Amino acid sequence: MNLKQRLLEWITVSSLIFPAVTSAQIIEFDEDSVLEMQTKGLNNSDQGKELGQDWSNDQLNIIYSNIDFSLRFFEHKFNASWFLRHSHSKLYQDDRLALNYHLFPRKVIARDLFKTQYLHETQTTRTESVINRFTYEFGDEDFYFKLGRMYVNYGQGYMANPINPFNLAKFRGTHAKFNQGNDGMQVKIQNDEKLVLKIYIFQDRSYRNYEDERVTRTFMLHGSWDYKPDTNVQYVLGEDQKRHKYGLQIKKNFKKGLAYLQVVRFSQKLDKEAADEKGLNHYIAGAEIKLFDRLTTRAETGKQDFSTNLDEANHLAATFIPLNR
């Protein structure tokens, strides 16, 4: 066999092998999950008794799992998460408010259009199964869109994060690796590495307790601007759950920590509250300091307004932490 024939044979074999190798590198599949069990002894407080929640003590047992899947095929990406939870307590018999604070989140989907979750309740147990994320993404670094049930993570607030009404604050959550799902679409536009604009378009039937087919719309703009290498500015503007919402967050990084400030306003409810209602204002300031390599401390303070037509036990449900109403 002469040199020309050997060269042609090598080219033919290479053309069959290398495309398969390239495709194998583009297709990715990941699986990640968490399984946890909790047992809690609950004691009632004087404040709970004043609200008519008179009981002495009880026990709460929880087992839950959050299973994550992702698949990438060329420029197409699919993500899914399956949330399972089973809990047992005698406090279920009378729907005690204490469970709201130890089963965060009681509401797994923050903006719920499809109501696909499974729920089974008895006098002492609650079993839940829900796909809390299922998204399709397409695009590149400059522009992409995401469609389906998605997580929305932004904002620095730890005990309270009012600039982001689509997910509970980290401090409130009692489950590891958990995010709330939101049904709709997200568009990201980034022509400059310092500027990012995201558009959220959601729909929600749970706001009206699924009583009819009408939906509550959400249209929010979320921008992020790296003003300096150590300073980031974020803003939100739009309408969500019958309120106009707009706010600002400024975060500054230091050598061993960071500091941040949030100022957020929710207007009066557009279809229920009276015209003289003043709306809700939230102010959050916090700082995080790294004391040692494995020790970090955080302090946060602020002021939160609550809707005047709700009792104290439902304040959080009315603002930025979604609970079953």
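The model is a predicted one. The patch is formed by Ile 289, Leu 291, Phe 292 and Leu 295, and together these residues have about 400 Å² of accessible area. Among them, Leu 291 is found in strand 14. Leu 291 has a relative accessible area of 45%, so this residue counts as partly exposed.

The wider setting is as follows. The protein chain has 15 strands and 4 helices. Of its 325 residues, 43% count as buried. Among contacts in the chain with a separation of 6 or more, 55% are between residues 24 or more positions apart.

Strand 15 spans residues 295-304 and includes Arg 298. Arg 298 counts as partly exposed because its relative accessibility is 28%, a value between the 20% limit for buried and the 50% limit for exposed.

Beyond its neighbours within four places in sequence, Arg 298 is in contact with Gln 156, Tyr 158, Tyr 260, Ala 287 and Glu 288. With two of these residues the side chain of Arg 298 makes polar contacts: one of 2.6 Å to the side chain of Glu 288, and one of 3.1 Å to the side chain of Tyr 260. Arg 298 can also be placed relative to Met 159: the two are 139 residues apart in sequence, while their C-alpha atoms are 9.9 Å apart in space.

Notes
Residues are numbered from 1 along each chain as its sequence is written. This is a predicted model: local features need pLDDT of at least 70, side-chain atom pairs count only at pLDDT 80 or more; totals for chains, interfaces and linings use all residues. Side-chain values use heavy atoms; hydrogens and water are left out. Helices (H or I, at least four residues) and strands (E, at least two) are DSSP runs, numbered from the N terminus. Buried means under 20% relative accessible area, exposed over 50%, partly exposed in between (1.4 Å probe, protein chains only). Contact means heavy atoms within 4.5 Å. Patches are made of residues with over 30% relative accessible area and no salt bridge: like charges are joined within 9 Å, nonpolar side chains (Val, Leu, Ile, Met, Phe, Trp, Tyr) within 5 Å. Accessible areas come from the Shrake-Rupley method with a 1.4 Å probe; for residues, only the protein chains shown count as cover. A salt bridge is a side-chain nitrogen of Lys or Arg within 4 Å of a carboxyl oxygen of Asp or Glu. A polar contact is a pair of N or O atoms within 3.5 Å; within protein, one must be able to donate a hydrogen and the other to accept it, and residues adjacent in sequence count only if both atoms are side-chain atoms.
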